[in-house]
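Dear colleague,

Please find the structure we spoke about handed over below, followed by my notes on what was found in it. I would be grateful if you could read the two side by side.

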Amino acid sequence: MQQSANHTSTRSLPPPASAPATAPMPAYSYEAILNASERVQWRIEDLIGGDRRLDFTRPFLPESFARTEALDFLSADERRVLSQVRGHAYLAIFGLVEEFILPFVLDHARPRLAEDDNAVRAFLNFASEEAKHMHLFKRFRAEFDRGFGSRCDVIGPPEAVAKQVLSHEQLAVALVILHIEWMTQRHFIESIRDDSGIDPLFKSLLRHHWMEEAQHAKLDTLMVEAIAAGMSPEEIMKGVDGYLDIGGFLDGGMKQQTELDLAALERAIGRELTPAQRERFLTVQHQANRWTYLGTGMTHGSFLDTLGRLSPAARAKIESVAPAFC
């Protein structure tokens, strides 16, 4: 991955307790998902712009993800700036992953045009909402650029990331998308919803994103089950191995993002860290990024339940790998 050209110690949450490997399939239906999605729809214009401004006197990303307190060589103001740098990257990376989610969902919906009307409408609505989220995150980055005062770079370009991810087998990509959707739910419910210290506008963007993604997680569960139907145990494990390959690729991106965040922080605070401080920063913040984007999804109970239904061995494999990302 390369950086895009956009200018712009609290301990982590413990993984949830493991559920039985043979958890039953939730009673999701396309009609109920579609109805729920239509009830919570919102407009970008009602969330950002005009007199709705980011408050740069506050942190953006919750400490459970930002992990700034472990960096005791930074002042309180510098830790707040780092939280804002991380918050910028957070929404930019969501926009980046939606660049491969959108075409994948459309490709999944296309062969079903003659089947269940509710299923087709639900997936098309899913794709439309992902496109809206991409637009929202671009608007956020423009607002951030206007108020932050120095450049923040983000991994990319999105097209290259999407090409790499979509080169894998369908089940691998579908599992990555399911991981991302449940990760989003966990982030808001466990870390963001009750955090009164972060910027209210940033929190509002995440809340509205979460509202629509709640239905996407259910649709993704149905999508994974449909793709895996009829697969042999060997084919399912191949898909899980592909999911891990994509995870390794994204982990490499997280390492690069950590380096970009360090450069952005030094620009913003007007000083260079010492070599020892830089090394500590990279170690702490890379692990923080790993937890934020990889560990929280790999250890989500609903994600593991789906894996367990496909293959208890697949679930066990992911559970054995996940601690490295927590």
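Throughout these notes, a residue is called buried when its relative accessible area is under 20%, exposed when it is over 50%, and partly exposed in between, with a 1.4 Å probe and protein chains only. This is a predicted model, in which local features need pLDDT of at least 70 and side-chain atom pairs count only at pLDDT 80 or more, while totals for chains, interfaces and linings use all residues. Residues are numbered from 1 along each chain as its sequence is written, and side-chain values use heavy atoms, with hydrogens and water left out.

Let me begin with the salt bridges, by which I mean a side-chain nitrogen of Lys or Arg within 4 Å of a carboxyl oxygen of Asp or Glu. Side chains of opposite charge can pair when their charged atoms come close. The structure holds 19 salt bridges, one of which joins E319 to R315 at 3.4 Å, N to O. These two residues are separated by about one helical turn, because they stand 4 residues apart in helix α11 (residues 312–321); helices here are DSSP runs of H or I with at least four residues, strands are runs of E with at least two, and both are numbered from the N terminus. R315 counts as buried at 2% relative accessibility, whereas E319, at 28%, counts as partly exposed.

D153 is buried at 3% relative accessibility, while R267 is partly exposed at 33%. In the salt bridge of D46 with R43 the closest N and O atoms are 3.1 Å apart, and both partners are partly exposed, D46 at 40% and R43 at 49%. R53, E143 and R146, in turn, are linked in a network of salt bridges.

Turning to the aromatic rings, the structure holds 14 aromatic pairs, where rings of Phe, Tyr and Trp (its six-membered ring) pair if their centres lie within 6.5 Å, and planes under 30 degrees apart count as stacked, over 60 as edge-to-face and the rest as tilted. Among them, Y30 and F123 form a tilted pair, 5.8 Å centre to centre with 55 degrees between the planes. This pair links distant parts of the chain, with Y30 in helix α1 (residues 30–39) and F123 in helix α4, 93 residues apart. F123 is buried, at 1% relative accessibility.

F56 and F144 form an edge-to-face pair, at 5.6 Å centre to centre and 65 degrees between the planes. Here F56 lies in the loop between α1 and α2 (63–66) and F144 in helix α4, 88 residues apart. F144 is buried with a relative accessible area of 0%, and F56 also counts as buried, at 18%. Ring pairs link F56, F60, F140, F144, F148 and F202 into a cluster.

Finally, two residues may be worth a look. D72, placed in the loop between α2 and α3 (76–109), is exposed at 66% relative accessibility. G295 lies in helix α9 (residues 275–298) and is buried at 0%.
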